[in-house]
Amino acid sequence: MAIFAVGAYYDEDVSQEFIDNGIAGPGWGEDDAPELHQFIKSLKVGDIIYIKAAAFGAPITVKAIGIILDNVIVTDSTIVSIGRNVKWVVTDKFTIEKQIEKNNVRSNTMYEEFHPEVQKIIIDKLFN
């Protein structure tokens with residue numbers, strides 16, 4: 001099990017659509033973002049995923065935390081170009097104060113979360 005962050009801003013915030021439809025994924029097509037399509041395909045059942053917003057220098061806003069439910073690769077969604085089924089467990093927004101880190105990936109659309117403090121906060125929220 002790993003922890004991943006995903007953005008949900010496609011000219012507007014689609015976080016609630018992710019939550020309402022039990023899905024997560026990018027809005028870009030495979031020709032425009034093949035690495036994000038591969039990223040989605042690499043997720044495993046039981047992986048933790050959280051919807052995030054993280055403007056440069058700002059705290060991380062966590063909009064929801066969920067678990068990848070199955071091995072299904074969703075390609076027929078009107079919300080994402082490719083996605084995964086997610087059980088959103090925590091849907092209350094909260095912020096994580098900016099962590100001390102040399103080079104961060106917070107502005108990336110999707111990434112694996114490696115910061116130990118952020119991991120701890122996500123796990124604590126998920127299981128408490």
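Rings of Phe, Tyr and Trp (its six-membered ring) pair if their centres lie within 6.5 Å; planes under 30 degrees apart count as stacked, over 60 as edge-to-face and the rest as tilted. By this rule there is one aromatic pair. Phe 4 and Phe 39 form this edge-to-face pair, at 5.5 Å centre to centre and 90° between the planes.

This is a predicted model: local features need pLDDT of at least 70, side-chain atom pairs count only at pLDDT 80 or more, and totals for chains, interfaces and linings use all residues. Residues are numbered from 1 along each chain as its sequence is written, and side-chain values use heavy atoms, with hydrogens and water left out.

**Aromatic pair**
- Phe 4 lies in strand β1 (residues 3-6) and Phe 39 in helix α2 (residues 34-42), so the pair ties together parts 35 residues apart in sequence.
- Helices (H or I, at least four residues) and strands (E, at least two) are DSSP runs, numbered from the N terminus.
- Phe 4 is buried at 9% relative accessibility.
- Phe 39 is buried too, at 16%.
- Buried means under 20% relative accessible area, exposed over 50%, partly exposed in between (1.4 Å probe, protein chains only).

**Strand β4**
- Ile 65 sits in strand β4 (residues 60-74).
- Ile 65 is buried, with 0% relative accessible area.
- Ile 65 and Lys 52 are 13 residues apart in sequence and 9.2 Å apart in space, C-alpha to C-alpha.

**Helix α1**
- Asp 20 is found in helix α1 (residues 15-21).
- Asp 20 counts as exposed, at 58% relative accessibility.
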